[in-house]
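Please have the sequence and the structure open as I speak.

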Amino acid sequence: MFQLFRTSRMWTARPLRDRYDVVIIGGGVHGLATAYYLAERGVTSVAVLEKNYIGAGASGRNTAIIRSNYRTPEGVAFYDESVKLYEELSVRLGYNVLFSQQGHLTLAHADSAINGLRVRAEVNQLSGVESRLIWRDEIRRLVPALDVSDGPRYPVLAALYHPPGGIIRHDAVVWGYARGASRRGVDIHSFTEATGIDTSNGQVTGVRTARGDIKTGAVLNATAGFCSTIARMVGIRLPITTHPLQAFVTEPLKAFLDKVIVSANLHVYVSQTDRGECVIGSEIDPYSSYSHRSTLPFLEHTAHNTLELFPCLKHVRVLRQWAGICDMTPDYSPIMGDVPGVKGFYLDVGWGTYGFKAGPVAGRRTAELIATGKTPDLIKAFSLTRFSDGRLVGEKAAAAVSH
Ligand SMILES: Cc1cc2nc3c(=O)[nH]c(=O)nc-3n(C[C@H](O)[C@H](O)[C@H](O)COP(=O)(O)OP(=O)(O)OC[C@H]3O[C@@H](n4cnc5c(N)ncnc54)[C@H](O)[C@@H]3O)c2cc1C
C-alpha cells in the first residue's frame, strides 16, 4: 500500500544538496520545462527552487490560451515551435495536458483593426502558420452565440481565424513537466526561497536559500513577475515592470462555445472549458504592483464588455475571480539568454500576459543554451542587449486584448 502511494506521487521530494550544476529559480512552467529539457539532454544535476508550491505563480493562474498568430517574424517562428511542442506534449510526458485546438478568433470592430489583422494574416501565412481573415457570415457560422448584428456599440466586422489555437489544462502542464523532470533526476524544492546569488570575478558561484546555501556555476531566473527582484541579486536592473492581471470564471453552462474569442477593441477574451465554465479575461491593471488581489471595477467593466459580445450570458453567475502578476517589457517580447558581465546567469523572463504558451519552446531553447553555451537562433532576437542596441521586437500581437 505504501509503495502504491509512493509511486503515484507526481514528483519525489529529495534533500537539498549543497552543490548542483544548474539552479533554476522559479517553479512555474518555464522553470520546470527548462529542467525537463535539460534532463532530456543528460544534464540532471539540476535544482528547481520554488518559494511557494509548484505552479503558485502565473502558471497556475492563467487562462491557458495557446496560439502562434503573432505579428513579427521572430514572434511567429518562436510561438509556432511552442504550439508544435504542445501538440505532442501529452505523449512526450505520458500525461494528458488536455490541449484542445478548437480554433481562435481575434475580432475586429473597426477598419484600423481589420488592417492590423490583415498584416498578421500575411506574416502568419508567410511563416507557414494557419491564419486568415474571415468575415461576418463565416464568424456567425463558427460562433452562433456571438452577437454579429449591427446592434452593439462596436459591431463585429471581421476576425483573424487561427485554427491551431486553443486552450489547455495549465496545471496538468506544470505537473507533467515536474513529474518528467523529477523522474529524470532533477530535484524540485518547493517552499525554498532563493534569497541571494553569489558571484566572484563576474561568474556565478552559488545561490543562498532560506534552507541553506548551494554552490553552482549556472543560475536561471525564471520567476516572471518577480524577475526584477532576482536580477537585482546580481546587480542588474531589468527593463521590466510588474503588473497584476485578473480573470474570472462563470458557473458551468451547457456547451455553447467551442472557439476562443478575443476582442482587442473591447479588451476582453472568452473561452469555455470542458467543464462548461466560461473563462473571461482582459488586459493588465494599469498600475505596477505585486498584489495578487482581484478588484470589483475589473469585474464590472470586463463583464460589461463580455455582454456586448455574448448577450446570452446576461443572467449567468460569476463563480470566482483571481489575479496573478505579469512581467511586462516595453516591446511585449520576452528577455531570454545570457547576460554580459555575469557569466553563468541566464534570463527567461519578460513573459507578460502571454508566457504560458511559450513554456515548451522557452524551456527547450533555454536548456539548449545552458547545456551547449550557444544561443539558439530562435531566441537571439530576445536578448537583453537589444535594449542597449536599439533592436526592439515590437510584438503588437502578444497581449491580444491590449492593442
Ligand atoms: C490571469 C492571467 C491570465 C493569463 N493568461 C494567459 C494565457 O491565456 N496564455 C498565455 O500564454 N499566458 C497567459 N498568462 C501569462 C502566463 O501565465 C505567464 O507568462 C507564465 O505562466 C509565466 O510562467 P513562469 O514559469 O515564467 O512564471 P510563474 O508561473 O509566475 O512562476 C514563477 C515562480 O517563481 C517563484 N519565485 C519568485 N521569487 C522566488 C524566489 N526568490 N525563490 C524561489 N521562487 C521564487 C514564484 O513563486 C512563482 O511560482 C496569464 C497570466 C495571468 C496572471
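The protein chain holds 12 helices and 19 strands, where helices (H or I, at least four residues) and strands (E, at least two) are DSSP runs numbered from the N terminus. Please keep in mind that this is a predicted model, in which local features need pLDDT of at least 70 and side-chain atom pairs count only at pLDDT 80 or more, while totals for chains, interfaces and linings use all residues. Residues are numbered from 1 along each chain as its sequence is written, and side-chain values use heavy atoms, with hydrogens and water left out.

On overall dimensions, the C-alpha trace of the protein chain spans about 65 × 60 × 40 Å along its principal axes. Of the 403 residues, 56% count as buried, meaning under 20% relative accessible area with a 1.4 Å probe and protein chains only.

Turning to the ligand, which residues come nearest? They are E50, A58, S59, T63 and K357, out of 35 residues around the ligand, where near means that a heavy atom of the residue lies within 4 Å. By class, this shell has 16 nonpolar, 14 polar and 5 charged residues, with Gly counted among the polar ones.

As for polar contacts, here pairs of N or O atoms within 3.5 Å, a polar side-chain atom of T63 lies 2.9 Å from a nitrogen atom of the ligand. On the backbone side, an N or O atom of G355 is 3.0 Å from a ligand oxygen atom, and a polar backbone atom of V29 is 3.1 Å from an oxygen atom of the ligand. Taken alone, the ligand exposes 1000 Å², of which the protein buries 98%, by the Shrake-Rupley method with a 1.4 Å probe.

Two local details remain. D187 lies in strand β8, residues 187-189, and is buried, with a relative accessible area of 2%; its side chain makes a polar contact of 2.6 Å with the side chain of Y20.

Finally, strands β9 (residues 194-200) and β10 (residues 203-209) run antiparallel and are joined by 6 bridges, pairing being called when DSSP finds at least two bridges. T199 stands opposite V204 in β10, and in the hairpin, with 2 residues between the strands, N201 takes a positive phi near 50°.

How values were computed. A polar contact is a pair of N or O atoms within 3.5 Å; within protein, one must be able to donate a hydrogen and the other to accept it, and residues adjacent in sequence count only if both atoms are side-chain atoms. Buried means under 20% relative accessible area, exposed over 50%, partly exposed in between (1.4 Å probe, protein chains only).
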